[in-house]
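Below is a walk through one protein model, residue by residue and helix by helix. Please keep the sequence and the coordinates open while reading.

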Amino acid sequence: MSLAGLFSLLDKLIKLAIAIALVLMVGFVFTNVVLRYAFDSGLTWSSEVARYLFVWVVFLGSILAVADHSHLGVDILVSRVPLWLQKVLFVLSVILITGVMTLVVRGLLMLIELNVGITGPATELPINNYYYAGMVSAVLMSLVLIFQAVSFALTGRHGPQWSQPRDGSAEP
């Protein structure tokens with residue numbers, strides 16, 4: 001399996017995980033609302049589990065946004081420079097982002113160590129599950145970005161939307 005195929009599989013697995021988490025979140029919250037209003041009862045753990053799932057959905061979604069180049073960016077300058085300079089600038093931005101993700105991972109490791117043994121009040125699930133979502137997200141975003149940068153620099157594929165050759169034949 002090629003690296004591009006592996007990232008395609010990862011994309012599908014993340015989308016499936018997000019879909020399952022969203023269905024579970026809606027199911028738990030809806031069931032809890034019905035139980036509270038119709039039967040004056042409720043599931044004490046449902047909102048806590050929904051919160052865990054929401055955090056995971058957000059962080060998994062950020063991986064997909066990185067893979068699709070969907071995060072907000074300002075490209076007014078970089079879209080007007082030659083392709084070779086676009087490649088250099090993209091690689092430099094990926095190096096900076098990967099450095100920041102490294103700092104995020106270091107911070108999360110410290111938080112995980114600091115919060116060992118602390119659990120949620122209703123589910124008794126470790127609070128560190130929040131930090132694991134950030135850890136998975138930071139590592140996978142870095143890997144996706146490194147793949148995209150290498151691929152864009154060497155082949156011109158997997159670059160951001162603003163990357164296009166400036167040969168005068170196409171309008172930006």
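Ala21 is buried, with a relative accessibility of 9%; buried means under 20% relative accessible area, exposed over 50%, and partly exposed in between (1.4 Å probe, protein chains only). The model is a predicted one, in which local features need pLDDT of at least 70, side-chain atom pairs count only at pLDDT 80 or more, and totals for chains, interfaces and linings use all residues. Residues are numbered from 1 along each chain as its sequence is written, and side-chain values use heavy atoms, with hydrogens and water left out.

Ala21 sits in helix α1. Helices (H or I, at least four residues) and strands (E, at least two) are DSSP runs, numbered from the N terminus. Setting aside residues up to four places away in sequence, Ala21 touches Leu53 and Val57, where contact means heavy atoms within 4.5 Å. Between the C-alpha atoms of Ala21 and Leu89, which are 68 residues apart along the chain, the separation is 36 Å.

Helix α1 covers residues 3–39 and includes Leu3. Leu3 is partly exposed, at 49% relative accessible area. Together with Met1, Leu6, Leu9, Leu13, Leu16, Ile20 and Leu24, Leu3 forms a nonpolar patch on the surface, with about 800 Å² of accessible area in total. Patches are made of residues with over 30% relative accessible area and no salt bridge; like charges are joined within 9 Å, and nonpolar side chains (Val, Leu, Ile, Met, Phe, Trp, Tyr) within 5 Å. The areas come from the Shrake-Rupley method with a 1.4 Å probe, and for residues only the protein chains shown count as cover.

How many salt bridges does a search of the whole structure find? The search finds 1, a salt bridge being a side-chain nitrogen of Lys or Arg within 4 Å of a carboxyl oxygen of Asp or Glu. The side chains of Lys15 and Asp11 meet in a salt bridge at 3.2 Å, N to O. Lys15 and Asp11 are separated by about one helical turn, because they are 4 residues apart in helix α1. Lys15 is partly exposed, at 44% relative accessibility.

Two loop residues come next. Asp40, in the loop between α1 and α2, has a positive phi of about 55 degrees although it is not a glycine. His69, in the loop between α2 and α3, also has a positive phi, near 55 degrees, and is a residue other than glycine. Asp40 is exposed at 75% relative accessibility, whereas His69 is buried at 19% relative accessible area.

Two packed helices are described by the angle between their axes and the distance between the axes. Helix α2 (residues 46–67) packs with helix α4 (residues 128–155) at an angle of about 5 degrees, the axes being 9 Å apart. Therefore α2 is roughly parallel to α4. Axes are lines fitted to C-alpha atoms, for helices over the stretch in contact, and angles run from 0 to 180 degrees between N-to-C directions. Angles under 35 degrees count as roughly parallel, over 145 as roughly antiparallel, 65 to 115 as roughly perpendicular, and the rest as oblique. Among the residues that meet are Trp56, Phe59 and Ile63 in α2, and Tyr132, Leu140 and Val144 in α4.

Leu140 in helix α4 is in contact with Leu10 and Ile63, leaving aside neighbours within four places in sequence. Finally, Lys87 in helix α3 (residues 83–114) is buried, with a relative accessible area of 19%. Beyond four places in sequence, Lys87 touches Phe152, Ala153 and Gly156.
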